[in-house]
Structures are given as C-alpha cells and as structure tokens.
Amino acid sequence: MADTQAPAISIGHGLRRAIDELRAAIGQPHAAIAVIAPMHASAELARQALAETGGFIRIELETPGALIARIGRLGHPGAFDPTLRPEPPGWLEATLAAIVPMLAARGALAPYAATLCRPVWIPSLAEALSELEHAEIAPATLDALSDDPDLAAHARVLATLLREVHAARAAEHLLDPRAATARARALIATDTLPASARFDGYVVLGDGTLPRDLFLALSSLLARRPTRRLALHPLEHLAPAPFGLRLAAGDAPTIAVAPHARGALGHVQAQLYRAPPPATAPDDSLTLAATPDEVREIGEAIRVVQRHLQAGTPLSRIAIALPDNATAHVLEDALARAQIPATWLVGPPLSRSTPARFLALALALAADAPTVQTWYELVRHPGVIPAMRAHGNAIHGIARWRHLLSTCGATSGTARIVHALTVHPEVTAAPDDLPLLAARDSLIATLTAFESELDRLPVTARLAEHARALASLLERHQPPSPVRAQLLRFLRTWGTGEVGPPLTRAQLGHLLSAALESTQVLRGALTDRAIRVVPPMALVGAELDLVCVLGLTEGRFPAPAREHPLLPDRLVAALVGPGGEARLLAATERADLERRRFAAALGAATRCAWLSTPQSDLLEARPGVPSSLLLEVASARAGHRVSYRELADTLVVTGARDVFAPEDPAHAVSAAEHLLARLGRDPQAGLDALAAHPWARRLLRLYRAIDRFHHPRADAPPVLDAWSGLLDPTLPHPAHPDAPDVLPHLLAQALVQPTDYLFRRVIGAYRPSWLGGKNAPTDTWVLARWAKKAIDLTLADPERARTDLDGAFASALDAVIAQELRHRPGEAAEGAIAKALITADWARVRADVGRLVAARQVPLDGLPIADDLPWRLSGSSAHIHAHTVEAWTEEKQAAKKNPHKLAALELQALALTHAGTSISHAILRDVKGHQSTRKDWAQALPGEARAALVRIREARWPVAGTHFRLHREPLEDDDR
C-alpha cells in the first residue's frame with residue numbers, strides 16, 4: 001500500500017511519523033512499538049536518528065532474529081523440554097569432524113568420501129546443513145530426488161549427514177537450532193506472547209533475506225499487529241528480497257523517506273535502478289573516483305575524510321564502507337597514521353592477529369612432529385620470551401638462536417632437535433666460547449620448558465575442554481590486548497557445555513583455523529566519537545554527511561555470483577519446487593543482494609558520496625574492471641545508459657603513483673607526508689631552507705659522514721675531515737643555540753636521538769593539530785601522565801608528604817584532575833573513574849615516593865657538566881637517595897622508547913658528580929613501579945658521556961663503543 005502523504009524529510013522523522021500513526025490507530029499514546037531493522041548496526045543507527053527528533057519511550061529497536069528468539073525462549077530454553085540443553089557454539093563443526101570419517105569408512109558418502117574427508121570442507125558442510133535445516137528440508141525430501149543420478153547421489157550424501165546430525169543431537173539431549181523459532185511460531189499462532197516480547201505495533205526498516213523459518217514466524221507476527229514500513233531510497237527501487245523483511249511486512253502501509261541529499265547525489269538516490277531518468281549536472285556531492293590501486297585508494301579516502309573533518313563535519317557523521325575485509329588491515333594502518341579514531345564493524349580476520357598466530361603455532365607443535373622452523377617462530381613470537389622469564393627460565397643469547405637452529409637442518413621432533421643442538425659443531429669446535437654455550441643451553445631449556453607447557457594440552461578431548469586449555473595457554477604466554485580479549489571470549493563460548501565428540505589436537509587445529517578465519521577483529525561502538533568502518537548493508541537506517549564506498553571493481557563489489565559448493569543451483573531448484581516453499585538462495589539471486597548492499601550505502605549519504613574504483617589489483621597484478629554498480633550510478637546521473645568508455649571519461653583520476661605527497665600540507669596523512677608537502681611546494685627553496693639551518697645542515701652532513709666513516713672507499717682508513725666527521729665547531733649548540741644554560745632532556749635528545757631532534761625541534765614536522773583530538777580521562781596514557789604530575793607535586797611539598805604521604809598524594813591528584821578538566825566539565829564522571837584507577841596503582845609506587853620524600857634534594861640550576869664544556873644545566877633539583885639520583889616518567893620502558901629520558905638523568909648525575917656529589921647509579925622510574933638503569937654506569941658512563949659531549953662541541957662523530965651513538969629511531973607521533 002503506497003503512502004499518499006508527503007515524504008518524510010529524514011529517517012528519524014519517518015520513524016517518528018510511523019510510531020505516531022501506529023499509536024493513533026491503536027488508541028494509546030504510549031503503546032509499545034518495536035522497530036525491526038536487518039542488522040544490529042542498522043538498529044543502533046536508527047535509534048540515533050530517532051533520538052535526533054526528540055525523546056521517546058516504550059520503543060524497542062530489534063533485529064528479526066533477536067525478536068523471534070526472545071519470543072521463543074519464553075524465559076529459559078528448558079521450557080521446551082526440561083531434559084534438553086541448548087546447542088553450544090562449535091558443536092555442529094566438531095560433530096561433523098568426527099562423523100564424516102566414520103561415514104566415509106562405512107561407504108555411506110560415496111562417491112564424495114575422499115573429498116569430504118578433507119578438513120577444509122567442514123565449514124562448508126556445516127553451513128549447508130544449517131541452511132537445509134532452517135529451510136525445513138527433511139532427509140526424506142533429499143532422498144526423493146531421483147531423476148538425475150548425479151544429483152540424487154549428491155542429495156543422498158546430504159540426507160545421510162542430516163540424519164547423523166539429528167541422531168547425535170538427540171543422543172546428547174540438545175535442542176534443535178530451530179526450536180526457538182518453532183516455539184515462537186506456536187506462541188504467535190495462539191497469541192500467547194511473553195510480556196517481555198509483546199508489542200502493540202511494529203515498524204519495518206530496510207530489507208534483507210531471512211531463513212525460511214524465521215520469515216514465516218515474522219510474517220505471522222506482523223500480520224497480527226498494526227504495522228508500518230519505511231520506504232528508503234534507492235533501496236525501494238529494487239524488487240523485495242526473497243523471503244525478506246519487505247515481504248514479511250505484507251501490505252502494511254508505507255511511509256516514504258525523501259532522498260537525503262541535494263544536487264547530483266540526491267538525483268541519483270531518487271533515480272537509481274529506475275528507467276533512464278532526466279540528466280543532472282555533476283557536482284561535488286557525488287564523486288566517481290579512479291584510484292591507481294587498493295592501497296592508494298585508501299590513502300585518497302583518508303584525504304577525503306580529512307577535508308571533511310577540517311570543514312567541521314563530526315566524526316560520527318562519516319562512514320567508510322568496505323565490501324569485504326580484504327584491505328581492512330591496510331585501512332587500519334592508514335587511519336592510525338592519520339590519528340583518526342574509528343569504530344570497526346568490519347575488520348581483518350582474527351586468524352591473522354598475533355594471539356591467534358600463537359595458538360596456531362602451539363597447536364601445530366602439539367599435533368605434529370615439531371620442526372625447526374615452527375619452533376623458531378614460536379619461541380620468537382611476541383610475549384613468549386617474557387612469559388618464559390616470568391616462569392623463572394634464564395634467557396640468554398636470543399640473537400644467536402636462529403643461527404643455532406639453522407644448523408639442525410630438516411630435523412623434526414623436539415628430542416632430535418635438542419640432541420642436534422647438544423652436538424652442535426660450533427659448540428664442539430669452540431668449547432671456550434661462553435656466550436655461545438649460554439645461548440645454546442638457554443635455547444634448549446626454553447624448548448624443553450615450552451614443550452612441557454604443550455604437554456598440558458589434552459591429546460583427545462571434547463571441544464569445551466580443548467577450548468579451556470587453549471584459553472589458559474593464551475593467558476600465560478600472551479600479553480593483555482584487546483585482540484587477546486576478543487580471542488579469549490571466542491574460546492570461552494566454545495568452552496561451554498560438556499557435549500560433542502572427542503577431538504584430536506589435529507582436528508581441533510583445523511576447526512580453530514577455519515573458525516578464526518571467518519571471525520573478524522571488531523572494535524569500538526557506534527556511540528563512540530569516531531568514524532564508522534562498516535559493511536555496506538549496515539548503513540540501512542543511517543544518515544551520514546559523508547559515505548566513502550571503496551573497492552568498486554567487478555569481482556569485489558559486486559562479488560561474483562558463485563554457487564554454493566554443496567548446494568548447487570540445480571539442487572536448489574529441485575528442492576524449492578514450483579511453490580517455492582523450501583527457500584534456499586540460488587547463485588542467480590546474489591546479484592540482487594549486491595545491488596541492495598550498494599543501495600544501502602549510497603542511500604545513507606546526506607551531503608557527499610565518494611565512490612572509488614581501483615584501476616588495478618595490486619596483489620593479483622592485474623587491471624581492475626570498474627564495477628557495474630558504478631555504471632548504474634553514472635547512467636542515473638547522465639540520463640541515459642552509459643558505456644564503460646563513457647564511464648572512464650567521467651571518472652575523476654586521483655592518487656597518482658608519481659605523487660609522493662599532497663600539495664597542501666593540511667592534506668597529509670602522516671608526518672613524513674606533512675614534511676614533504678611543506679618542502680615540496682618549491683623543492684629548491686625547501687632544500688635551501690633545510691640546508692641553511694645550522695643544526696639541520698650538521699645532521700645531514702653527519703649522515704653522510706657515517707656512511708663514509710663505516711664504508712670508506714677502496715678499504716682506505718676513514719679520514720676525519722669536513723665531509724667525514726669533522727665539522728665547523730663554531731656552530732651553536734642544537735639544544736640551546738643562544739645561551740649556555742640547557743635543559744637536560746633537550747641536550748640528551750640531541751645526543752641520543754638526533755633524527756628525532758631534527759624533525760621535531762628544528763624542522764617542526766608535526767601532525768596537524770586538528771587531528772590530535774582529546775584523550776578520554778580513562779585512557780592509559782592520560783592516567784599515566786596525571787599520576788606522574790601528582791607524584792611531582794607530592795615531591796614538591798616534602799614537609800606535608802613526610803607527615804601524611806597518602807593525603808599529600810590524594811590532594812595533589814585532586815589538583816591535577818581539577819586543572820586538567822577545567823575546560824571539560826562534561827567529563828567529571830570519567831575524572832572520578834581516573835582518580836580511582838590511579839589510586840589503585842598508588843600502592844605500587846608508594847614506598848619509592850616515600851623514600852624520595854625523605855631523600856636529599858640538590859639544586860641543579862647552573863651546574864656545569866665539565867670545566868671545559870660551555871653548557872650548564874637548567875632545572876629545579878635532583879632527588880638523591882643512597883648515592884642514587886632518581887626521577888619519574890609516565891612511560892613504561894621509557895629508556896627503550898625514548899632513550900633520551902634516561903640519558904637526561906645521566907647528564908644530571910654527571911653534573912652532580914663533577915660538583916662533588918657521590919653518585920653511583922641513575923634510576924628512572926615509571927608510575928607502574930618499573931625502573932630503568934645501567935648496571936655499568938659508575939664504571940663506564942660518566943667518561944663516555946663526557947667524551948660524547950666533547951665530540952658534540954668539536955663536531956666529531958661517531959666513535960665506536962659509546963652509549964651515546966647516532967641511530968635511526970622512529971619519529972614520535974606527538975610532542976609529549
């Protein structure tokens with residue numbers, strides 16, 4: 001039934017109108033209404049759109065599956081039968097892994113036994129059987145297909161597997177997966193819905209194919225209550241999805257939602273998939289972009305997002321639609337470099353993550369004969385060595401392990417590898433080489449210790465027991481991270497329910513690999529202040545200022561219409577029959593599915609849509625064919641059917657391979673691009689300006705000097721001249737060119753991180769300030785920074801701290817949080833959480849802070865480093881306890897991440913030693929209780945530091961054997 005009213009101006013107003021009409025028809029101003037959306041993401045976006053129109057009560061936003069499941073559960077699954085239990089996740093795949101070889105041995109799977117016994121077929125088998133069950137196709141129906149001998153044999157195999165699965169489910173007293181839907185249909189038919197799932201009316205949003213049993217239940221439910229349906233453009237121009245939401249709504253009145261956008265984009269939204277419409281002039285609202293390849297496509301998409309952010313578009317009003325997760329990891333890296341926060345509803349496979357790779361290696365070693373390569377990959381895997389050290393294992397000579405293992409050849413089996421290492425030819429030839437012996441013994445001890453860890457994994461057990469053992473192994477040997485947490489949640493879902501057949505380690509490895517490959521790494525929430533990275537269909541119900549659709553090439557978007565390997569179209573056609581009661585999706589219908597996905601993404605844009613087609617597939621090394629979906633868009637814009645040649649002429653070519661940086665520095669997506677853009681407007685002038693700066697010229701010469709110093713021509717000894725290390729000593733000091741007083745951290749940074757000093761202090765290659773954003777008070781970095789400030793304030797008031805240390809710290813922390821949140825009053829609650837988190841960590845460092853409160857404080861201002869050096873330190877005071885100078889930092893392992901922080905403390909110690917204060921060590925502590933120091937500082941460092949400073953003054957570099965040496969360290973993201 002068509003809507004005769006004026007179209008709603010937005011999805012939110014359309015939902016509001018539908019709810020008001022239903023409540024008016026029902027006669028209750030606060031009647032309970034359910035809005036049904038195809039996906040959870042669509043429901044949440046629709047909730048946000050409705051909230052923009054005003055408050056609402058007694059409104060639920062649900063997916064069809066969640067709504068019908070809520071009705072069917074009726075409190076507890078045991079309501080169906082007290083003796084039955086719900087089927088745990090992974091049970092079907094585990095059962096198939098056990099029964100397929102058994103059936104093949106009995107000859108019940110002929111002529112496909114050899115193929116189906118391969119572990120890679122288990123996921124496809126599980127998917128096929130689930131589709132048959134939800135389509136309510138009984139084994140007898142499959143047995144009845146006898147017209148085609150080959151088709152009949154195919155159907156008999158599926159029928160056999162269905163019977164075995166049904167028998168296994170009955171033997172283990174498990175509920176049929178369709179039981180909740182069947183129970184819901186019965187309750188709907190008798191109108192005895194539970195109170196928590198009883199609604200007075202329904203609003204249907206969007207479209208999407210449903211399983212047959214779910215479709216029948218939803219159709220029956222909507223037929224018994226007043227219903228409205230929102231008609232969205234251009235999704236409404238397509239035929240209804242088979243067994244989908246639109247068909248389930250039946251003849252319910254529709255409320256049209258006008259196209260959101262203006263200009264060419266609004267015209268295309270109104271005319272896409274229709275007969276050739278009137279032409280419209282191109283404008284900036286709709287861009288059809290041609291990018292060189294997938295990698296540069298992502299870079300150009302980031303630039304488009306940046307331009308809209310600079311123009312004031314909120315982060316939550318921007319979405320990047322990915323048709324699949326093939327390039328999700330590249331996009332993740334690009335967004336991280338640009339410091340743009342994102343919510344990920346489509347992400348890379350969980351199997352590619354570091355914790356998942358660790359489990360795969362561990363299972364490979366536990367299931368098969370361990371090889372040299374697998375052992376090396378495992379022991380060098382991140383997290384393993386720290387975990388082994390935590391268990392009391394002495395780890396030495398890690399750099400030699402690869403070489404030691406390489407001489408073992410193709411040896412397999414841990415015992416044989418250990419024996420090969422014991423009779424290692426280099427060890428027997430050099431029995432006095434103590435470092436080599438220590439490395440060999442440490443490697444053998446590590447292999448043996450970790451093998452005992454693998455022996456704790458069950459050899460043959462049910463899936464739940466295997467999953468719990470893997471979760472325990474993961475917690476012991478991998479550091480905490482969001483990805484590890486997601487993997488642990490996945491394993492805990494497998495670890496529920498002591499049912500299913502026993503599985504070997506090899507079978508477990510195959511099941512886990514397939515499951516993690518189909519599970520994506522998702523992060524964030526749609527309520528976060530971040531852009532959305534989503535699959536196209538998730539944008540049903542969304543209203544966004546900018547939508548970027550990537551990967552519009554044939555074979556990717558739209559995806560090729562491939563038949564299911566176990567449910568080919570011939571079998572589907574035979575099962576569906578003339579009436580179409582047994583609904584299965586044929587490959588010929590997948591083209592419409594892709595068109596619906598594209599319509600959902602394009603229809604969500606309210607101001608701009610950026611559609612990209614890569615001109616080549618970088619990974620496959622082949623040219624890309626523009627998507628047929630782009631032809632539809634170009635035809636709707638041009639007013640006639642567009643050919644591929646005409647489409648190529650209208651594409652906006654962007655992201656050329658020979659352009660290394662944008663012309664405008666504001667469009668840079670990394671610090672390096674920002675620097676190149678600043679220097680690239682006039683290359684010669686940029687180089688002249690860089691070379692004119694004294695410290696920049698000095699560093700550039702030093703890099704050339706290092707190359708000449710370490711690689712002299714024709715084996716000649718290095719010559720210390722103006723081009724190989726001896727530079728003009730009259731250049732001002734880099735850290736403070738105009739005055740002899742220097743801050744210790746600036747001088748230390750110039751010593752140990754000259755490259756970082758050049759980019760950050762001299763050239764000023766910072767990220768644009770508008771990309772930095774604000775950290776939440778509960779972020780790890782913010783907590784550490786505030787804790788460090790509170791410790792500094794506590795130490796600055798030693799009189800009070802000596803009498804009431806805890807009170808002094810609490811007062812200092814309150815002052816820090818109040819100062820930091822003075823312009824952010826809306827985050828006071830998060831500030832209270834931050835205070836609780838910092839206070840919880842206070843016990844770790846309380847004793848160290850208390851010791852420094854009672855320690856001696858020595859002023860630093862004006863202390864010379866040495867008599868013959870011009871620089872004097874500028875600073876407050878140093879805390880000295882038991883001949884040790886100590887300082888605090890907010891960074892964990894700061895001596896590794898920013899070595900100049902420990903070097904700055906060592907320079908203070910050097911100045912104090914020169915002034916007559918006895919200093920034996922310099923200790924840098926962080927707010928988590930860790931510390932950094934050098935064991936040989938008293939013996940080696942003062943002389944080396946002084947020598948390095950002398951070389952700085954005389955402009956000679958480098959000299960071997962010093963802690964202060966020029967090295968290439970990564971450029972930090974921002975200036976802490």
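How many bridges join β18 to strand β20, and do they run parallel or antiparallel? I looked this up before anything else.

**Entry: ground rules.** I am working with a predicted model, in which local features need pLDDT of at least 70, side-chain atom pairs count only at pLDDT 80 or more, and totals for chains, interfaces and linings use all residues. Residues are numbered from 1 along each chain as its sequence is written, and side-chain values use heavy atoms, with hydrogens and water left out.

Entry: I found four bridges between β18 and β20 (residues 877-881), and the two strands run antiparallel. Two strands pair if DSSP finds at least two bridges between them. Arg856 has Ile880 of β20 as its bridge partner. I then traced the open sheet around this pair; its five strands come in the order β18-β20-β21-β22-β23, with mixed pairing. At the edges I noted β18 (856-859) and β23 (931-932), each of which pairs on one side only.

Helix α34 (residues 780-796) packs on this sheet and touches β18, β20 and β21 (884-889). Its direction makes about 140° with that of β21. Contact means heavy atoms within 4.5 Å. Axes are lines fitted to C-alpha atoms, for helices over the stretch in contact, and angles run from 0 to 180 degrees between N-to-C directions. I also looked at helix α37 (residues 828-853), which lies across β20, β21 and β22 (921-926) and runs at about 130° to β21.

**Entry: the parallel sheet.** I next followed an open sheet of seven strands, in the order β8-β11-β7-β12-β13-β6-β16, and its pairing is parallel. Its edge strands are β8 (342-344) and β16 (652-653), each pairing on one side only. Helix α12 (residues 263-271) packs on the sheet by touching β6 (286-291) and β13, at about 85° to the direction of β13. Helix α13 (residues 294-310) packs there too, touching β6, β7, β11, β12 and β13, and its direction makes about 160° with that of β13.

Is strand β12 enclosed or open to the outside? Six of the six residues of β12 (residues 544-549) are buried, so the strand is largely enclosed by the rest of the structure. Buried means under 20% relative accessible area, exposed over 50%, and partly exposed in between (1.4 Å probe, protein chains only). Four bridges join β7 (residues 318-321) to β12, with Ile318 opposite Leu546. Five bridges join β12 to β13 (residues 605-614), where Leu544 stands opposite Ala605. Three bridges tie β7 to β11 (residues 531-534), and Ala321 has Val534 as its partner there.

**Entry: helix α10.** Nine of the 12 residues of α10 are buried, so this helix is largely enclosed by the rest of the structure. Among the buried ones I listed Arg212, Asp213, Phe215 and Leu222.

**Entry: Pro253.** I found Pro253 in the loop between α11 (245-249) and β5 (254-256). At 24% relative accessibility, Pro253 counts as partly exposed. Pro253 and Arg229 are 24 residues apart in sequence, yet 6.3 Å apart in space, C-alpha to C-alpha.

**Entry: the whole chain.** I counted 40 helices and 23 strands in the protein chain. Buried residues make up 51% of its 976 residues.
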